[in-house]
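Subject: A structure for you to look at

Hi,

Here is the structure I promised to pass on. Have a look at it first, and then read my notes below.

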Amino acid sequence: MNLKNNKITVGELLDYAPAKAVFLRRFPMAMRHPMLGAARTVTLEQLISMAGNYIPQKKIQETLEELRGV
């Protein structure tokens, strides 16, 4: 998948079933968060920046690699 230099939005990712499946598998709790709908306009770059405080860098990199492959 083309992540557009991480400028793709969360909404675009969630609208693409294979990418959504990656998030569901790797971050099931986040996918049930009530603020998920509000995050649709956030870019992947912004999400990575915020998530870096809570998620190990290795898991972020593995997720990015998997997203590029779908």
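Let's start with helix α2. The face of α2 turned away from its buried side carries two exposed residues, A17 and R25. Please keep in mind as you look that this is a predicted model.

Now turn to the buried side. Helix α2 runs over residues 17-26, and A19, V22 and F23 are buried in it. These residues sit on the same side of α2 because they cover an arc of only 90° around the axis. What do the buried residues of α2 pack against? Their partners are α1, residues 10-15, and α4, residues 57-69.

The largest pocket has a volume of about 580 Å³. It is lined by 22 residues, and F27, A30, L47, A51 and I55 are the closest to its centre. Helices α1, α3 and α4 each supply at least two residues of this lining. Which helix gives the largest share? That is α3, with five residues. When you sort the lining by class, you get 20 nonpolar residues, two polar ones and no charged ones.

Finally, the salt bridges. Side chains of opposite charge can pair when their charged atoms come close. The count for this model comes to seven salt bridges. One of them joins the side chains of K4 and E12, at 2.7 Å from N to O. K4 has a relative accessibility of 41%, so K4 counts as partly exposed. E12, at 33%, counts as partly exposed too.

R26 forms a salt bridge with E62, where the closest N and O atoms are 3.8 Å apart. This pair links distant parts of the chain, since R26 is in helix α2 and E62 in helix α4, 36 residues apart. R26 also meets E66 in a salt bridge, at 2.8 Å from N to O. E66 lies in helix α4 and R26 in helix α2, so this pair ties together parts that are 40 residues apart in sequence. Salt bridges that share partners join R25, R26, K58, E62 and E66 into one network.

Are R26, E62 and E66 buried, exposed or partly exposed? R26 is partly exposed, with a relative accessible area of 21%. E62 is partly exposed at 30%, and E66 is partly exposed at 23%.

Enjoy exploring, and write back with any questions!

Best wishes

Note on methods. Residues are numbered from 1 along each chain as its sequence is written. This is a predicted model: local features need pLDDT of at least 70, side-chain atom pairs count only at pLDDT 80 or more; totals for chains, interfaces and linings use all residues. Side-chain values use heavy atoms; hydrogens and water are left out. Buried means under 20% relative accessible area, exposed over 50%, partly exposed in between (1.4 Å probe, protein chains only). Helices (H or I, at least four residues) and strands (E, at least two) are DSSP runs, numbered from the N terminus. The arc is that of the directions from the helix axis to the C-beta atoms. Contact means heavy atoms within 4.5 Å. On a 1 Å grid over the protein atoms alone, a cavity is a set of points where a 1.4 Å probe fits but cannot get out, and a pocket is an open set with protein on both sides within 12 Å along at least five of seven lines; lining residues have an atom within 4 Å of a point. Grid points are joined across faces, edges and corners, and a volume is the space filled by probe spheres set on the points. Ala, Val, Leu, Ile, Met, Phe, Trp, Tyr, Cys and Pro count as nonpolar, Asp, Glu, Lys and Arg as charged, and the others, Gly among them, as polar. A salt bridge is a side-chain nitrogen of Lys or Arg within 4 Å of a carboxyl oxygen of Asp or Glu.
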